[in-house]
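This report goes through a structure part by part. It starts with single residues and then turns to helices, strands and surfaces.

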Protein chains: 2
Amino acid sequence: MSTGNLAVGLLRRIAAQSVTRSALAKEMGLAPSTISAKINDLMAAGLVEERGAAPSRGGRPGRLLSITYRTGRVAVISMGAKHANVALADLARTIHIDSSIAIDVAQGPEATVELIAAEVRSLLAREGGELLSVGICIPGPVDIERRVVIAPSRMPGWHNQDVGALLEAALGVPAITDNDANLAALGEYLSRSDAAANSITVLAGTGIGTGIIVDGELYRGSTYASGDITHTKVEAAAERMCSCGNRGCLETIASGAAIVGDLATSGITAQDIIEVLAMVRDGDPAANGVVREAGRQLGLALSTVVNFFNPGDVYLTGALSGASVYVAAVRSQLYERCLPLVTAGLRVEAAQAGNDAGLLGAAELAILHLLNQPSLPARFSDSGN
Amino acid sequence: MSTGNLAVGLLRRIAAQSVTRSALAKEMGLAPSTISAKINDLMAAGLVEERGAAPSRGGRPGRLLSITYRTGRVAVISMGAKHANVALADLARTIHIDSSIAIDVAQGPEATVELIAAEVRSLLAREGGELLSVGICIPGPVDIERRVVIAPSRMPGWHNQDVGALLEAALGVPAITDNDANLAALGEYLSRSDAAANSITVLAGTGIGTGIIVDGELYRGSTYASGDITHTKVEAAAERMCSCGNRGCLETIASGAAIVGDLATSGITAQDIIEVLAMVRDGDPAANGVVREAGRQLGLALSTVVNFFNPGDVYLTGALSGASVYVAAVRSQLYERCLPLVTAGLRVEAAQAGNDAGLLGAAELAILHLLNQPSLPARFSDSGN
DNA sequence: AACAGTTGGTTCGACATCGAACGAAGTATC
DNA sequence: GATACTTCGTTCGATGTCGAACCAACTGTT
């Protein structure tokens, strides 16, 4: 009776923050009567309750609505090749606890998922609450229809694997999977109140992927491969051999690995990109120069894409986005190289959600997935606190 | 009473071709009862009538529905810098008569629109029928909200001009304006039964623009500037000066003007790109080589965009798309340079609608615009044949 | 020629949403 | 503290869409 799409939207919104009926009506652009009717259903089903009143704004004060169920948790995971970030979030998409564990994708899906599942259980034991759903970011293309990882260049042995099914088997709750850059774009879009309807979120890690938001919705392309700019040709990299077998790819000059490598050839050894960032922060000129150059090259490659897509916002995530030289280099390249009409109003910024963007996007998808389960109201009402 | 959005969709569909109620229900994914109810309204309003029966398919034969009004015409115009194609189409988007006239955009909007309007009147005088609406393709960005041309690099004096208003004043019917590449994409998408949901349509003329279809809808970008790849940097053009003041732009090596220029430097003079095409068809090796190289460079520039956008189809329009060497060169570059997951299922073809693609897109927009006029039913019913 | 099978179209009750009108519960003003 | 004003929420009739059941009209088979 209350499993309609509107009910889901209302639950999501109320879970995020207490609101009054009239505020909901305005936010959602629906008639007050429609909201009231639905809220009645939800209250009858025991999912929502009135809790206190909003301050009057010159007239009758509104009654604040809260979600009855507050101990539900979604587990969200962001996978890299060597590490995974694991976190628990509530239904309002707020992250309550998180941790990082060492994994090795080369060990294959089963072993990796078991490590991740163990960490989820451990976080649950510490934090309490009931696990309702899981969302995971994969560093490679994901066919969300068939629900499998496809041809992930950095994850041999994972092709056609249904990671969601493995997680479901291990944790006993619904799970969803999507590409990391896609989820970062979704997370950043959702966590901004001022987000443009069309945006590109760049995730520069081992490879360089982007997530695309079109008209407020995630765009995944015709074969779930959209957003890949790793192998865009840049002149400055013409001599460099890429892992894909070609030369001149953006990855060979703007990825984390490339930066570490470039520093090594100038005699400076850094363990990983995090160390490089620390050096930049300490004012190391060599590190600074290499990072700026990486940003410049990324900006150059992005300029074609930005001219084509004409986004309102470009968000940068990944470790490098913490360095302001990097962000500034990307921005200045875009402003210099793109058409005036395209740069008019264009924002180029580090993601506000930082490295949690992917986790937030995963939480959103996991919650939506959960709320679309047919058995939802039962779960909520008979395990509610 | 029958001005709802469903009514518009039904009218459009019935105008395109006679159909039965049950076929409409299937096509539109609506309940048969919904269709019947709406058709009753439309018949009561005198907009639709039953005309004959469909052959039985093993059961009760359907009754074919036709639009009552068949002499209505929309005028569609595709503007270039020196020429404009003017045509009349019916409500089914079929072009009945067309012509080409010489214009000069440097004369400014008023004079140009007057020339165009005169040609529309002349076509109407020849063909008969009542003019209902006008659609025009502009070779530059168009802000469809404010309904003005913005910063058109090749049309000085047209900035912030409302061409639609000028046409309305001259012809006395509603008019709409949009960018030529956008409308070509829309037209090609609509005229294919097998079109992919996400596609890029390349219009290579003076500049090189693309129109983008996302999930079956035209995507225009955040500032109506999407699709511009004219100034994408290509290595082979590094030495060439572009009209934009930079070097290395795609336009300097892959546009029609660039091809004519390149042939001139090898001592071969062609008046325009049409002549070059004729030479290619005659097997002229120099012309062939230059056209193939243009296609190769376009393909190279497109590869970044295709990796990013992951379309199902790429359509080529504009004069050059008539040369199969050109299409083949673009296709082979895309297949070679894009990721396997992106090229899986990717089609790269000359537009089926050919150079009419823009006119068809303009007809679509003009018809939609017309059907969204509040006074529509009156117009239709009291002037119907 | 009767009858089963198939497809086309309508009727009717259910449901979601809307908008207008109204009652409820405050604040501001005199 | 009466009165106007503002905001919140509900009631109620109208509208659009759906799906199930039903009637209508044809084909093919026996």
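Asn310(A) lies in the loop that runs between helix 10 and strand 13 (313-317) of chain A. Helices (H or I, at least four residues) and strands (E, at least two) are DSSP runs, numbered from the N terminus. This is a predicted model, in which local features need pLDDT of at least 70 and side-chain atom pairs count only at pLDDT 80 or more, while totals for chains, interfaces and linings use all residues. Residues are numbered from 1 along each chain as its sequence is written, and chains are lettered from A and ligands numbered from 1 in the order in which they are written.

Asn310(A) is not a glycine, yet has a positive phi of about 50°. Most residues other than glycine have a negative phi. Asn310(A) counts as buried because 27 C-beta neighbours are inside 10 Å. A residue is buried if 20 or more other C-beta atoms lie within 10 Å of its own, exposed if 12 or fewer, and partly exposed in between, with C-beta atoms placed from the backbone.

Arg147(B) also is not a glycine and has a positive phi, of about 60°. Its place is the loop between strand 7 (142-143) and strand 8 (148-149) of chain B. With 16 other C-beta atoms within 10 Å, Arg147(B) is partly exposed.

Glu336(A) belongs to helix 11 (residues 324-337) of chain A. It counts as partly exposed, since 13 C-beta neighbours are inside 10 Å. Glu336(A) and Leu300(A) are 36 residues apart in sequence, and their C-alpha atoms are 9.3 Å apart in space.

In helix 1 of chain B, the buried residues are Ala7(B), Leu10(B), Leu11(B), Ile14(B) and Ala15(B). They cover an arc of only 130° around the axis, so they are on the same side of helix 1 of chain B. The arc is that of the directions from the helix axis to the C-beta atoms. An α-helix has 3.6 residues a turn, so residues three or four places apart point the same way.

The buried residues of helix 1 of chain B pack against helix 2, helix 3, strand 1 (48-53), strand 2 (63-67) and helix 13 (357-371) of chain B. Helix 13 of chain B is itself mostly covered, with 13 of its 15 residues buried.

Two strands pair if DSSP finds at least two bridges between them. Strand 3 (residues 72-79) and strand 4 of chain B run antiparallel and are joined by six bridges. Ile77(B) stands opposite Val86(B) of strand 4, and a hairpin with three residues links the two strands.

Strand 4 of chain B also pairs with strand 5 (residues 95-102) of chain B, in the antiparallel sense and over seven bridges. Here Ala84(B) has Ile101(B) of strand 5 as its bridge partner. The hairpin of strand 4 and strand 5 of chain B has five residues between the strands, and in it Arg93(B) takes a positive phi near 75°. Of the seven residues of strand 4 (residues 83-89) of chain B, five are buried.

**Where the chains meet**

33 residues of chain A are in contact with 32 residues of chain B. Two residues are in contact if their C-beta atoms, placed from the backbone, lie within 7 Å. Helix 10 of chain A gives the most to the side of chain A that touches chain B, with five residues.

**Around the DNA strands**

A residue is near a molecule or strand if its C-beta atom, placed from the backbone, lies within 6 Å of it. DNA strand C is surrounded by 26 residues, and Ser33(A), Arg60(A), Ser33(B), Ser36(B) and Gly59(B) are the closest. Helix 3 of chain A provides the largest share of this surface, four residues.

DNA strand D is likewise surrounded by 26 residues, the closest being Ser36(A), Gly59(A), Arg60(A), Ser33(B) and Arg60(B). Helix 3 of chain B gives the most to the surface near DNA strand D, with four residues.
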